[in-house]
Amino acid sequence: MGRGGAVKPFALRVTEVVPETAEAKSFVFDVPPELRQAFAWRPGQHVTVVVEMDGESLRRPYTVSASPHAGEPLRITVKRQRRGRVSGYLHDHVQGGSVLRVMPPFGGFCLDPEPTSHRTLYLFAAGSGITPLYAMLRSVLAAEPYSTVHLLYGNRNAKSMIFRQQLDALLQTHDEHLSVTHVLSSPSWWSATEAWRGRIDADAVRRFIDTFPPYAQDAQYFICGPGSMNVDVRRALMDLDVPPERIHAEFFGAAPPDDDTSVVAVASQLTVQLDGVRHDVAAPEGKTVLQALQQAEVDIPYACQSGLCGACKGRLRRGTVHQRAPLALEKTEIEQGWVLTCQSVATSPQLWLDIEA
Amino acid sequence: MNQTMPILPVEAYVDTEWFEREQRLIFSKTWRFAGLAEDISEPGQYLSVQAGLNNLFIVMGRDHRLRAFHNICRHRGTQLLRAEGKGRKAITCPYHDWTYDLEGRLISVPQQEKEFPDLDTSCLGLLPASVDLWRGMLFVHPDPDADSIMQWFGDVEPYLGPHRPEELVEYADGAGQEEIRANWKIVVENYIDAYHLAHLHSGTLAMYDHSRIESGFVGPHFAFYEPLAPHYAKNLEANAPYPLIDHVPADKLGAFVPMLFPGLGLSETESAWSIFHVVPLAPDRTRVVLRTKVMNVSEWQFAKQEWRSAGFWSTQIRGKYEGHGDDDPMASGDFMQEDIYACEQQQKSLRSPYFSVGATARHGEAAVRDFQRLVAQWVEGAP
């Protein structure tokens, strides 16, 4: 499964553009039979869209919001970012019939349903963080009949809720296995939506778990939202004795501020084993490993370049690096030597990395 | 198929060696009933339960999730917790005060620097086990990686009653224990024997229609249903002993009486839901733990229903025989006392060299033969 770098993008035709809210649209793709295998995705994974603009090749990862277990076609749901060039382009210029260049699915933040599993899935979504969690919950409801999903969904107001109608419909058909609790930070006075007032913070998490204690005892917790919400929810769960192995998180929207300029890269000799092919690159001081490799035109995988998506993951075999904000990595992965090249600066004169595309 | 050959030898019902093998190969390797969901409802509450050779305890964390561990201190094996309790934030061994948190991590070893300078506490956490909830019942399994409880019960679930035990309330007078002087398999065979219903219980179970039984094994579990007898069904609202369970649809009125392997019986009827938990104590002794749940309505409703139905039951129930005294189970009019009596009478003969099984009913005792075959399969090397 490609990770958006050493694999080339494929031209995929958009069959439909669906407005979800004033700021979010879904783009449904037609994947021809010969590409079905390459584009098979797991619930929670992303695809990278590559767009040429002003002479630059821009790439952005977007979560696949459809479920492969519910027989749905490949679809991404994109929220327009205020100064987002790619999201702006998609919203303003792409319609049914347009062709986009898309790289195959990747990502480790996944929920794979098992038909005999008996689980309680707690999903914490804020804003567009709903996209991977929506794919996950559709998959559980379709393919894991003994499990139950509890969703805590935070938004500004009812109008900004993505997938509102779809969730209401699922509550009708799967009411024994799904609960949806809305949290609104600025609800309109006239809003008739039943919701908790405020944000998804430690109190909301405690209240949520108290209201929906697990029935199936194999409980797993998935979090997707902006940096501070992620941190707050994780801490609140751990304060309730939830073991860290059961908590899975992905950052969306604003990353926590990256003001870590404490460590400056030293000049280093990089050796990268990329899918078995060795590349030797002299990395200048002050550049991240990814920047050094891009400058040397080594075709390594990458997408968001902010430490959020995990596409640029590699295994450090020799040498040391400092990682600024490797948000896409779990603590155990970092301990095992995984690094994000977009976040890594060399702190030793020699580095050896293994990267698989 | 020769119906007169016993499938299990007599030794299976009297020998200690067989008993130990069953404890090891059946009761230590299957999901074991541990209580009702309400038994642990608050973080910090715990209870301990024996699953074959293993004593396990279940404790609830602040995330309202249950954890199960082997009830063994990693120091020198002392059993940590007693039967049940509440308010625990940590588990401390009574012997040397080694302390574990609710995730099982070893967090305190008294005088560690002096007495255990090289101790790696991260390797000495409590041994995890499995725990899950199903149909309002707690189950444990000694293996932390046991197959999901739905893999174990999923196939038989459609054949059980439509009852939602989580919505019913426990009826205090329905809780109790019996100690039966018979092997646990004699007790289970009695539970699943259909042939005796119209005979041993001719005066005590005639409100169900034994001529329309639907039963059979689904995997290792035995499913059973019989509808109401016409004379009882005719005026059910008035004649049910307790308020009717409101979520049982008309076409499912009757008695669902499954026996879930290896020894959890359920009785799911029009007005009550009970568990019949078979606990082997010795080759010739078995405890049965009983609990009952009923509709969540007022005491007044129960009293009213009792008065309404009293006339029906006074004519309906009679002892099988005229009594030999106040304690004669065969005159008691109590079907459980009748079953206990039959089981004990059967066990008594097993030691006689003249004991044999002459024949078994083709249909009514098919379940008994199937159950014996099942036990033989689980206990390796059995005939």
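## Basis

This is a predicted model: local features need pLDDT of at least 70, side-chain atom pairs count only at pLDDT 80 or more, and totals for chains, interfaces and linings use all residues. Residues are numbered from 1 along each chain as its sequence is written, chains are lettered from A in the order in which they are written, and side-chain values use heavy atoms, with hydrogens and water left out.

## The interface

Chain A brings 19 residues into contact with 22 residues of chain B (contact: heavy atoms within 4.5 Å). The two chains bury about 1,700 Å² between them (accessible area, 1.4 Å probe, lost on being put together, summed over both). Carbon and sulfur atoms hold 50% of it. Tyr215(A), Gln217(A) and Asp241(A) supply 39% of the area that chain A buries against chain B, more than any other three residues.

The chains share one salt bridge (a side-chain nitrogen of Lys or Arg within 4 Å of a carboxyl oxygen of Asp or Glu). Arg62(B) and Asp241(A) meet in a salt bridge at 2.8 Å, N to O.

On the side of chain A that touches chain B, α4 (202-211) and β11 (218-225) each supply at least two residues (helices, H or I, have at least four residues and strands, E, at least two, as DSSP runs numbered from the N terminus).

## Helix α2 of chain B

Helix α2 spans residues 16-27 of chain B. Its buried residues include Trp18(B), Phe19(B), Arg21(B) and Glu22(B) (buried: under 20% relative accessible area, 1.4 Å probe, protein chains only). Among the elements of chain B that cover them are α1 (11-14), β1 (32-36) and α10 (366-378).

How values were computed
Buried means under 20% relative accessible area, exposed over 50%, partly exposed in between (1.4 Å probe, protein chains only).
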